[in-house]
Amino acid sequence: MDHGGQTTHFGFKDVALDDKQRLVNDVFHSVAQRYDLMNDLMSAGLHRVWKDLLINALNPPRNGKPFALLDVAGGTGDIAFRAAGAAGAGFRATVCDINPDMLGVGRARAAARHLAHRISFVEGNAEALPFPDRSFDATAIAFGIRNVPRIDLALAEAFRVLKPGSRFLCLEFSAVDVPGLDRLYELFSFKVIPPLGKAVTGDAEAYQYLVESIRKFPKPNAFAEMIRAAGFLRVGHQPLSGGIVALHSGWRL
Ligand code: SAM
């Protein structure tokens, strides 16, 4: 698709809009098998706490009431698994991701946990979701939107597939705003994460991309504006762990 020579960021590099997705796909192809282990190591397990806070906000019904969650850029399925653990018998999740390697790991996890009947895995692009309008009771995207070349399209799609009266939740790395922690975080990000990524996955560049892409992602107020522009109402965000991460939320009303 020709987008008139538009460019975007792949980490700190300027790349053609149409090249970014290919580069992102290479990253997740390379790290898929060790993705979950690496998340635990580099966040010291904190990503579990952040994801649980998203599940608390999602608040899926504990009874048998039907509830359909779409986990966009859901990768190996963490959000869907955690939501299934908190929800009642009517809960179903669809994990949609562009990368078959990440989905493959997720499918194997679902089978091992006997959750294959409640969680399905669908290959698809967040910018053009393969689902009908108004088909989900919630959409979530965790640490995914930063990787999507056209964030505005992904937000518009998250809105389109939601039933009116339903919530969009998004976890993403944010901007550390605690003096002292900010310098420590910079040091840890650039000096520890890429070598750790190399030791665990064999791919330092994938984790160099991670830390750079976090710096390039819009600041929380700017991202909240983008969520509003997609049509969501009651938009808000909450910084977590000193701003390392933010939990964004909006409603389709
Ligand atoms: N949500 C999972 C989690 O929290 O562990 C996975 C997050 S992982 C950092 C980012 C995911 O975004 C990868 O699985 C990648 O394949 C996916 N992704 C990147 N671009 C995408 C796109 N355009 N559409 C759908 N998924 C995409």
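Which of the 19 residues around the ligand come nearest? Before I answer, please keep in mind that this is a predicted model, in which local features need pLDDT of at least 70 and side-chain atom pairs count only at pLDDT 80 or more, while totals for chains, interfaces and linings use all residues. Residues are numbered from 1 along each chain as its sequence is written, and side-chain values use heavy atoms, with hydrogens and water left out.

The residues that come nearest are Gln21, Tyr35, Asp97, Ala126 and Ala142, where a residue is near a molecule if one of its heavy atoms lies within 4 Å of it. By class, this shell has 10 nonpolar, 7 polar and 2 charged residues, and its largest share, 3 residues, comes from helix 1, which spans residues 17–31.

Turning to individual atoms, a nitrogen atom of the ligand is 2.8 Å from a polar backbone atom of Ala126, and a ligand nitrogen also lies 2.9 Å from a backbone N or O atom of Ala142. On the side-chain part, an N or O atom of Lys51 is 3.1 Å from an oxygen atom of the ligand. Taken alone, the ligand exposes 600 Å², and the protein buries 98% of that.

Let me finish with the cysteines, where, taking a disulfide as a pair of cysteine sulfur atoms within 2.5 Å, the count comes to 0 disulfides. Cys96 is in no disulfide, and the nearest cysteine sulfur, that of Cys170, is 15 Å away. Cys96 counts as buried because its relative accessibility is 1%, buried meaning under 20% relative accessible area with a 1.4 Å probe and protein chains only, and Cys170, at 0%, counts as buried too.

Notes: Buried < 20%, exposed > 50% of the residue type's maximum accessible area, 1.4 Å probe, protein only. Polar contact = N/O pair within 3.5 Å; in protein donor to acceptor, adjacent residues only side chain to side chain. Areas by Shrake-Rupley, 256 points an atom, 1.4 Å probe, with all protein chains shown as cover. Helix = DSSP H or I, 4+ residues; strand = E, 2+ residues; numbered from the N terminus. Nonpolar A, V, L, I, M, F, W, Y, C, P; charged D, E, K, R; others polar.
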